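Hi,

Here is the structure I promised to pass on to you. Please open it and keep it beside you while you read my notes.

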Amino acid sequence: MRFEKILVTGGSGRLGRFIAEELKDRARVTTFDVAPGTPAFPHITGDICDLAGLMKTFKGFDAIVHVGAIDGHKEVPPEDYIRVNAFGTWNVLHAAFENGVKKVIASSSSAVCGLNIAEKEMPPHYLPMDEAHPQRPRYSYGLSKYMDEITAESFARRGTMEVVTIRPSYVLFPELVAHTAKRVSAPDRGLYRLTGAEAEKVPEAFRERLGIVRAYVEPGDLARLYRLALEAKLKTHEIFQGVAADTYEPEPTLSFFKGIYGTVPPVRKPEVYEKNPHASTFDCTKAREMLGWEPTSDWVKLSGLKRR
Ligand SMILES: NC(=O)c1ccc[n+]([C@@H]2O[C@H](COP(=O)([O-])OP(=O)(O)OC[C@H]3O[C@@H](n4cnc5c(N)ncnc54)[C@H](O)[C@@H]3O)[C@@H](O)[C@H]2O)c1
């Protein structure tokens with residue numbers, strides 16, 4: 001599918017800027033954000049919580065890439081994730097539908113699987129986890145993203161506007177590589193959110209704990225996945241995980257999980273870990289088979305760290 005005018009919500013944010021760059025040679029790209037834009041793209045300042053504003057803004061766009069949200073690295077009251085991410089996404093989809101937009105790409109998160117240090121008692125049902133793995137968010141960011149997936153599916157079901165959801169894991173922006181390498185090598189293995197004096201020393205995005213899933217995706221690869229999802233002709237709402245083929249964990253994936261849970265979850269594709277003991281906890285076969293997406297990143301090359 002080809003589009004002439006694409007609006008990227010959250011276009012001033014970290015991922016939004018990568019996506020706008022990825023799309024700029026294929027269509028006229030405009031960014032939309034509560035924050036100011038960059039000189040690189042026409043920009044509309046607005047709020048996804050303002051439905052009336054969206055109804056006017058979306059006129060004339062044929063596709064919307066919706067990444068505007070309060071990301072999980074932000075320390076905000078829990079209700080803010082629901083208000084902006086869940087209600088905001090409904091507003092975006094409703095305004096897009098009412099304006100005859102042909103396609104919307106929505107953004108979920110691997111946080112929907114509910115795996116972090118607080119869920120040690122809730123191991124994965126199996127490894128590697130594909131899109132069919134049960135979703136079990138407990139906290140409001142993951143829940144807001146789960147609500148986004150259900151909302152996206154509901155609009156797609158109407159049959160006139162295509163909706164696709166991308167579900168990325170931790171996005172390893174260039175500024176996070178050295179920090180992630182340092183945290184994963186620390187005694188707590190980065191499994192806890194930085195607090196107190198240590199937290200004060202670093203920007204907010206660097207305080208986030210590193211998830212038990214040890215998964216990441218490089219933003220250039222992820223932006224390409226958004227583009228491929230936009231260009232593909234899909235019959236129904238599809239969710240695509242966007243995760244690198246390896247982890248950022250020094251230890252082999254299965255032995256790391258054994259250390260955390262005391263046992264290795266059922267391994268559905270043993271050949272994956274036989275071929276690469278550091279293979280991801282997530283399975284992106286669906287994106288490869290349906291969209292031709294292959295992640296290109298390699299944690300050892302990115303970080304310079306050695307594996308165990
Ligand atoms: N960064 C990650 O590791 C990660 C992982 C999985 C999913 N995601 C999802 O990817 C998307 C982009 O994340 P990011 O890392 O670029 O975050 P970011 O915080 O860098 O960018 C988000 C952008 O959304 C804008 N925004 C926030 N509230 C808004 C509102 N009410 N109206 C309009 N714009 C608003 C912000 O100003 C910001 O520019 C989000 O949906 C996030 O939940 C991110």
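Below is what I found, going from the overall shape to single residues.

A word on the source: this is a predicted model, so local features need pLDDT of at least 70, side-chain atom pairs count only at pLDDT 80 or more, and totals for chains, interfaces and linings use all residues. Residues are numbered from 1 along each chain as its sequence is written.

**The whole chain**

The protein chain has 11 helices and seven strands (DSSP runs, H or I of at least four residues for helices and E of at least two for strands, numbered from the N terminus). Along the principal axes, its C-alpha atoms fill a box of roughly 55 × 45 × 35 Å. The radius of gyration of the chain is 19 Å, which agrees with the value near 19 Å for a compact globule of 308 residues (it is taken over C-alpha atoms, and the globule rule is 2.2 Å times the number of residues to the power 0.38).

Of the 308 residues, 46% are buried. Buried means that 20 or more other C-beta atoms lie within 10 Å of the residue's own; 12 or fewer makes it exposed, anything in between partly exposed, and C-beta atoms are placed from the backbone. Among contacts between residues at least 6 apart in sequence, 74% join residues at least 24 apart (a contact means C-beta atoms, placed from the backbone, within 7 Å).

**The core**

Which residues have the most contacts inside the largest nonpolar core? They are Ile19, Ile64, Val65 and Tyr226, in a core of 77 residues (a set of buried Ala, Val, Leu, Ile, Met, Phe, Trp, Tyr and Cys residues joined through C-beta atoms within 7 Å). Leaving out residues up to four places away in sequence, Val65 touches Ile6, Val8, Ile19, Ile105, Tyr226 and Leu230.

**Around the ligand**

The ligand is surrounded by 25 residues, and the closest are Gly10, Gly13, Leu15, Gly68 and Ala69 (a residue counts if its C-beta atom, placed from the backbone, lies within 6 Å). This shell divides into 12 nonpolar, nine polar and four charged residues. Here Ala, Val, Leu, Ile, Met, Phe, Trp, Tyr, Cys and Pro count as nonpolar, Asp, Glu, Lys and Arg as charged, and the others, Gly among them, as polar. Helix 1 (14-23) and helix 3 (78-98) each supply at least two shell residues, and helix 1 gives the most, with three.

In helix 5 (residues 177-184), Thr180, Arg183 and Val184 are buried. They sit on the same side of helix 5, because they cover an arc of only 95° around the axis (the arc of the directions from the helix axis to the C-beta atoms).

Leu222 is in helix 7 (residues 219-231). Leu222 counts as buried because it has 28 C-beta neighbours inside 10 Å. Not counting residues up to four places away in sequence, Leu222 touches Leu15, Pro168, Val171, Val217 and Gly242.

Next, Arg189 has a positive phi, near 55°, and lies in the loop between helix 5 and helix 6 (196-200). Arg214 has a positive phi too, near 60°, and its place is the loop between helix 6 and helix 7. Arg189 is buried, with 20 other C-beta atoms within 10 Å, and Arg214 is buried with 27.

Happy exploring!

Note on methods:
Two residues are in contact if their C-beta atoms, placed from the backbone, lie within 7 Å.
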